[in-house]
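Hi everyone, thanks for coming.

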Amino acid sequence: MGLLEGKKLLVTGVLTDHSIAFHVARLAQQEGAEVILTSFGRQFRLTQAIAKRLPNPVSVIELDVTSDEDLAALEGRIREHTDHIDGVVHSIGFAPQSVMGGNFLAAPWADVATALEISAFSLKSLAVAAKPLMSSGGSIVGLTFDASFAWPVYDWMGVAKAAFESTSRYLARDLGPEGIRVNLVSAGPIRTTAAKSIPGFEKMEGGWPERAPLGWDQTDPEPTARAVAALLSDWFPATTGEIVHVDGGVHAMGL
Ligand SMILES: NC(=O)c1ccc[n+]([C@@H]2O[C@H](COP(=O)([O-])OP(=O)(O)OC[C@H]3O[C@@H](n4cnc5c(N)ncnc54)[C@H](O)[C@@H]3O)[C@@H](O)[C@H]2O)c1
């Protein structure tokens, strides 16, 4: 029996077949889950095309996490396919170029606000929108990049990740009584579209394989996707508000 046999999962964030979410969806299907994807706007058709590369057919529904209309419609759009969901994957991040790449002191608030809304507040928005479909409990899993440190060039996206990590803990507090677990996977650098859009990303990923006791392959999203699948499964029944590091061990090392 697969790790996720019979589970119904909503997976956001599939943009290309490099997306972490693509590999989560692939593994989830291989482990027995039924998957629904979300995408939005001009990316919708791309997601539909990429979804054809998954092992099993999937439906793609519209969700821009900044759209009140999409958030209000989410429950109904999911109910066209299933009467409940057991898990939600938040694999969403965006910040305007002006707030990354070494421009920390000059970044304008309007652009910082965009980063915070899409990359942090959206975890709350998505959780609340999906909650009516999780009346028997479930698991919400998001992706972070360790917000304990000031990294080169990550700048306000790093601040957004700190807010994201805190948001996951408050959601764990408020959704725990309903049997909904909220956890994050803190991944090392992986060369996806989002990562490559960070000006100077090579300064963040540089030296990672050497610093990691287990080594690290920036082209391999599989270890990260496996951890997400594990947190979606029934094998972490008493874990919430947690951040599992999948970074080759870098977070635990000194210089
Ligand atoms: N790649 C890395 O090095 C790395 C490391 C740690 C954490 N993460 C996190 O993993 C998550 C997934 O990113 P990825 O690296 O797979 O890149 P990606 O570019 O493949 O995925 C980012 C996704 O965010 C979605 N998105 C952006 N704005 C949105 C909106 N308004 N509404 C709905 N969706 C929206 C995009 O459609 C895209 O699918 C992000 O939270 C990212 O910060 C990435």
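Before we look inside, one term: a nonpolar core is a set of buried Ala, Val, Leu, Ile, Met, Phe, Trp, Tyr and Cys residues joined through side-chain atoms within 4.5 Å. Keep in mind, too, that what you see on the screen is a predicted model.

How many residues does the largest nonpolar core have? It has 52, and the ones with the most contacts inside it are Val-11, Leu-37, Val-185, Val-228 and Leu-232. Helix α1, which covers residues 20-30, gives the most to this core, with seven residues. There's also a second, separate core of 29 residues, and Leu-10, Ile-78, Val-182 and Ile-243 are included in it.

If we skip residues up to four places away in sequence, Leu-37 touches Val-11, Val-14, Ala-25, Thr-47, Ala-51, Leu-54, Val-58, Ser-59, Val-60 and Ile-61.

Now over to helix α9, residues 222-232. Is this helix mostly covered or mostly open? Mostly covered: eight of its 11 residues are buried. Those are Glu-222, Thr-224, Ala-225, Ala-227, Val-228, Ala-229, Leu-231 and Leu-232. And what do they pack against? Helix α1 is on the list, along with the strands β1 (8-11), β4, β5 (138-144), β6 (180-187) and β7 (243-246).

Let's stay with α1 and α9 for a bit. On the α1 side, the contact is made by Ile-20, His-23, Val-24, Arg-26 and Leu-27. On the α9 side, you have Glu-222, Thr-224, Ala-225, Arg-226, Val-228 and Leu-232. By class, this contact divides into six nonpolar, two polar and three charged residues.

Is Arg-26 buried or exposed? It counts as buried, because its relative accessibility is 17% and the cut-off for buried is under 20%. Leaving out neighbours within four places in sequence, Arg-26 is in contact with Leu-54, Pro-55 and Glu-222. Take Pro-55: Arg-26 and Pro-55 are 29 residues apart in sequence, and their C-alpha atoms are 6.5 Å apart in space.

Next pair of helices: α4, residues 109-130, and α5, residues 155-175. Their axes come within 9 Å and cross at roughly 20°, which makes α4 roughly parallel to α5. This crossing is right-handed. Among the residues making the contact are Leu-116, Ser-119, Leu-123 and Lys-124 of α4, and Trp-156, Met-157, Phe-164 and Leu-171 of α5. In total, the contact of α4 with α5 has 14 nonpolar, three polar and one charged residues.

Val-153 sits in the loop between β5 and α5, and Val-153 has a positive phi of about 60° although it is not a glycine. Val-153 counts as buried, at 8% relative accessibility. Asp-155, which is in helix α5, is another non-glycine residue with a positive phi, near 50°. Asp-155 counts as buried as well, at 13% relative accessibility.

His-90 lies in strand β4, residues 87-90. At 0% relative accessibility, His-90 counts as buried. What is His-90 in contact with, once neighbours within four places in sequence are left aside? The list includes Thr-12, Ser-119, Leu-123, Val-141 and Phe-164.

And then Leu-9, in strand β1, which counts as buried at 1% relative accessibility. Again leaving aside neighbours within four places, its contacts include Ala-28, Val-35, Ile-36, Gly-87 and Leu-232.

Key
Residues are numbered from 1 along each chain as its sequence is written. This is a predicted model: local features need pLDDT of at least 70, side-chain atom pairs count only at pLDDT 80 or more; totals for chains, interfaces and linings use all residues. Side-chain values use heavy atoms; hydrogens and water are left out. Helices (H or I, at least four residues) and strands (E, at least two) are DSSP runs, numbered from the N terminus. Buried means under 20% relative accessible area, exposed over 50%, partly exposed in between (1.4 Å probe, protein chains only). Contact means heavy atoms within 4.5 Å. Ala, Val, Leu, Ile, Met, Phe, Trp, Tyr, Cys and Pro count as nonpolar, Asp, Glu, Lys and Arg as charged, and the others, Gly among them, as polar. Axes are lines fitted to C-alpha atoms, for helices over the stretch in contact, and angles run from 0 to 180 degrees between N-to-C directions. Angles under 35 degrees count as roughly parallel, over 145 as roughly antiparallel, 65 to 115 as roughly perpendicular and the rest as oblique. A crossing is left-handed if the near helix is turned anticlockwise from the far one by less than a right angle, and right-handed if clockwise.
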